[in-house]
Amino acid sequence: MASPFPTTVDPFTTTNHRTNHSPDTIFYTIHPDQPTTPTQLQTLNLQILQTLTPFTTTYTWHHTLFTLTPTTTHLHGHLRYGDNLDDEWFVVFLLFHVSRHFRNLSIRVWDSDGEFLLIEAAFHLPKWVNPETAGNRVFIRRDEVCIVPKKRVSGLVRLEDALRVLVEFPDECRASDGVQSVIMGRVSEFPEKARRNVHCARVLVPLSVAKVLRDEPCMISLAVEGFYDRDIDSMKHAAKMEKFLPKGREEELVLVLAKMSRAMYAQLMQQKFQAPKCYPMPPVPPKTDQSTYMEAELGMKIACGFEMIYQQKKREEEEGTGSTWEAFRDSLEKSGYFQGLLPGSNEYKRLMENAKEYYQKSAVHREANEMLSAPVKRIDEILALPLSMDDFNVQEAPSSDDNSWLYGGEEELNSVLTERQREMEQYEEKKKRKQKGKEKVNEGDSSIPNQNDVDLGDIAKSMKAFMDKVSTYEGAEVPEDRDLKDVEFDLDRFMKELGAATMNPAQDVDSDDVEGGSSSDMDFDESEDDSDMEEEPEEHGDMKQEDFMHAYSDALNDELKSTTLKKSFVRANDHSSDKNEALSGGGDEEMDDDFTPVDVDVNLVKSLLDSFSSQQGLPGPASNLLGLMGKHLPLDDVPKPKHNAKPKGT
């Protein structure tokens with residue numbers, strides 16, 4: 001029997017990562033060129049991590065560490081960078097470093113926004129690259145950015161096809177120099193920027209917190225996360241400080257040097273937080289030295305953060321909840337598992353209990369539970385060891401780093417904005433140069449003798465040829481490589497239905513009397529007078545049709561006589577010589593206008609040129625129509641057709 005619960009999806013795909021992970025997460029996969037065994041992948045994993053150790057050992061990650069996990073075909077990993085974008089670009093630097101040392105690897109990297117490498121190099125991308133076409137096309141290979149070209153794989157790209165093209169056509173896949181320059185400009189800032197990103201600060205903390213920071217310095221990120229993302233429930237734990245301040249205000253504070261990222265330091269410093277009543281804070285200045293009070297206040301925030309995150313992880317471990325459970329529950333709601341029941345109802349609670357039981361037995365829960373319990377278990381292990389103040393009083397803690405960068409970042413921000421502005425200006429300048437190049441080409445073409453002498457007769461002929469072409473339901477233009485089935489179209493049936501829709505209501509007949517369900521009286525008349533119509537000569541039918549057209553034309557002309565519409569057309573007698581105009585009598589002028597045919601060609605060309613001129617060089621219907629016919633008029637000095645200039649060849 002199939003499970004009522006949704007199948008767990010692979011989080012390491014571009015289409016699924018947004019629903020299974022935090023929105024501030026970077027994803028990466030590493031693909032060997034040749035198929036590998038699990039043992040070979042494990043060996044490759046260890047080699048890569050060993051190569052990156054000099055960079056990652058001393059780096060303080062904002063949330064999670066850089067890791068790699070082998071699968072059956074490749075290595076993958078993800079890292080939550082939170083508010084510290086430097087973590088994201090440091091990962092990109094590490095991946096470029098891997099591609100430089102392991103030449104037979106293709107590396108994919110993206111984040112919650114998609115292909116962020118392309119976003120960074122947006123001003124240098126080919127026109128065909130967009131969020132819809134970029135999936136599985138962007139890679140890092142041999143220390144370069146690669147984009148799988150459209151001519152090799154069109155439409156949506158399968159990962160297997162992209163990896164094959166990268167190996168077989170490396171030169172074609174290399175991104176443009178503009179893209180390389182922008183991405184390498186960001187990557188080249190590391191590892192020096194990673195070293196500058198570290199901030200060391202002296203803090204007064206309880207002995208338990210000092211021991212955790214000494215044994216596991218990287219856990220400072222958990223403390224900052226717990227403090228910065230606190231809520232009402234977690235602050236209840238901070239008010240008691242049961243784990244890290246068991247003696248309350250009698251607990252002694254020790255001075256240690258805490259190493260963190262600049263983003264963490266800013267998050268701690270820029271938030272005001274009232275110390276819990278049980279926390280042994282020193283008196284406020286001036287009773288206490290200002291620097292000492294700041295060290296104690298910063299340490300208090302770290303200690304409260306540790307308490308809140310510890311209790312939160314412990315509760316999630318006991319209840320079997322957490323981020324993966326939240327994602328699993330959301331997927332249940334989207335799939336209609338709860339059947340629209342109100343939360344809190346008995347049936348809703350029953351379904352929720354079944355879902356929790358299923359989740360706790362799944363492999364996803366086991367993996368998530370290990371992640372949740374890891375910091376709790378590690379803290380318990382550290383605090384289980386004997387604690388002594390003498391361990392921290394042996395030597396004085398070094399001085400804190402200068403924090404002027406926290407208040408003087410305006411120059412750096414202006415520098416980044418200036419760089420972006422310069423990039424936009426270069427992009428606009430490049431567009432202008434292309435436009436000028438096109439204008440020069442047009443000017444060069446117009447300098448050819450007689451190029452501006454537009455052949456009006458040729459335009460009229462082209463329009464006739466264009467109108468003579470038969471268009472289908474697909475339109476006048478049919479894109480190439482279209483596999484569309486022909487639509488069956490019954491012209492006779494269509495005309496009958498059209499007649500039924502436009503006939504006089506008084507002539508309507510009962511639809512029940514019409515065989516086949518048609519509402520048209522043409523079917524009824526046809527069935528009744530079919531023998532008469534068969535006996536009617538074909539010549540007689542043609543005469544009746546011709547008589548109808550004459551009568552229709554006369555009625556239309558009579559109706560238009562009282563309007564000014566006829567004066568807007570150019571007639572054939574407008575092209576006669578002045579001599580003929582002088583010989584014609586004034587009394588016959590109105591009669592001549594009535595019987596003189598309209599010059600269709602001249603009116604056609606005149607209307608096209610007037611419309612083209614009114615566009616003032618911008619896109620419009622006239623230029624589009626002329627373009628379909630293969631005709632291109634010069635933008636300047638559009639010829640004004642004269643009524644006495646009949647198009648050639650007409």
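This is a predicted model: local features need pLDDT of at least 70, side-chain atom pairs count only at pLDDT 80 or more; totals for chains, interfaces and linings use all residues.
Residues are numbered from 1 along each chain as its sequence is written, and side-chain values use heavy atoms, with hydrogens and water left out.

The protein contains 26 helices and eight strands; these elements are DSSP runs numbered from the N terminus, with helices (H or I) of at least four residues and strands (E) of at least two. Of its 650 residues, 35% count as buried, a term that denotes under 20% relative accessible area, with exposed meaning over 50% and partly exposed the range in between (1.4 Å probe, protein chains only). Contacts, defined by heavy atoms within 4.5 Å, were also examined by sequence separation. Among contacts with a separation of 6 or more, 76% are accounted for by residues 24 or more positions apart.

A pair of aromatic rings is described by the distance of the centres and the angle of the planes. Rings of Phe, Tyr and Trp (its six-membered ring) were paired if their centres lie within 6.5 Å; planes under 30 degrees apart count as stacked, over 60 as edge-to-face and the rest as tilted. By this rule, 15 aromatic pairs were counted. One of them joins Phe-27 and Trp-110, which are stacked because their ring centres lie 5.8 Å apart and their planes meet at 15 degrees. This pair links distant parts of the chain, since Phe-27 belongs to strand S1 (residues 25-32) and Trp-110 to strand S4 (residues 105-111), 83 residues apart. Phe-27 is buried at 0% relative accessibility, and Trp-110 is buried at 1%. A tilted pair is formed by Tyr-265 and Trp-405, with 5.9 Å between the centres and 55 degrees between the planes. Here too the pair links distant parts of the chain: Tyr-265 lies in helix H12 (residues 262-269) and Trp-405 in the loop between helix H16 (363-384) and helix H17 (410-446), 140 residues apart. Both residues, Tyr-265 and Trp-405, are buried.

Arg-152 is placed over the face of Phe-169, at 3.7 Å from the ring centre, and Arg-230 over the face of Phe-227, at 4.5 Å.

Helix H3 (residues 85-101) packs against helix H7 (residues 177-187) at an angle of about 110 degrees, with the axes 9 Å apart. Axes are lines fitted to C-alpha atoms, for helices over the stretch in contact, and angles run from 0 to 180 degrees between N-to-C directions. H3 and H7 are therefore roughly perpendicular, given that angles of 65 to 115 degrees are so classed, those under 35 as roughly parallel, those over 145 as roughly antiparallel and the rest as oblique. The contact brings Trp-89, Val-92, Phe-93 and Phe-96 of H3 to Ile-183, Met-184, Arg-186 and Val-187 of H7. By class, seven nonpolar residues, no polar residues and one charged residue take part in the contact of H3 with H7; Ala, Val, Leu, Ile, Met, Phe, Trp, Tyr, Cys and Pro count as nonpolar, Asp, Glu, Lys and Arg as charged, and the others, Gly among them, as polar.

Helix H10 (residues 220-228) is mostly covered, with eight of its nine residues buried. Ile-220, located in H10, is buried with a relative accessible area of 0%. Beyond neighbours within four places in sequence, Ile-220 contacts Thr-60, Leu-213, Lys-259, Met-260, Met-264, Ile-302 and Phe-306. Ile-220 and Trp-61 are 159 residues apart in sequence, and their C-alpha atoms are 9.3 Å apart.

Several backbone features were also identified. Phe-190 and Pro-191 are joined by a cis peptide bond with omega of about 5 degrees, and Pro-191 lies in the loop between H7 and helix H8 (192-196). Asn-136, although not a glycine, has a positive phi of about 60 degrees. Met-241, likewise a residue other than glycine, has a positive phi near 55 degrees; Met-241 occupies the loop between helix H11 (232-240) and strand S8 (253-261) and is buried, with a relative accessible area of 0%.

How values were computed: A charge sits over a ring if NZ of Lys or CZ of Arg is within 6 Å of the ring centre and within 35 degrees of the ring normal.
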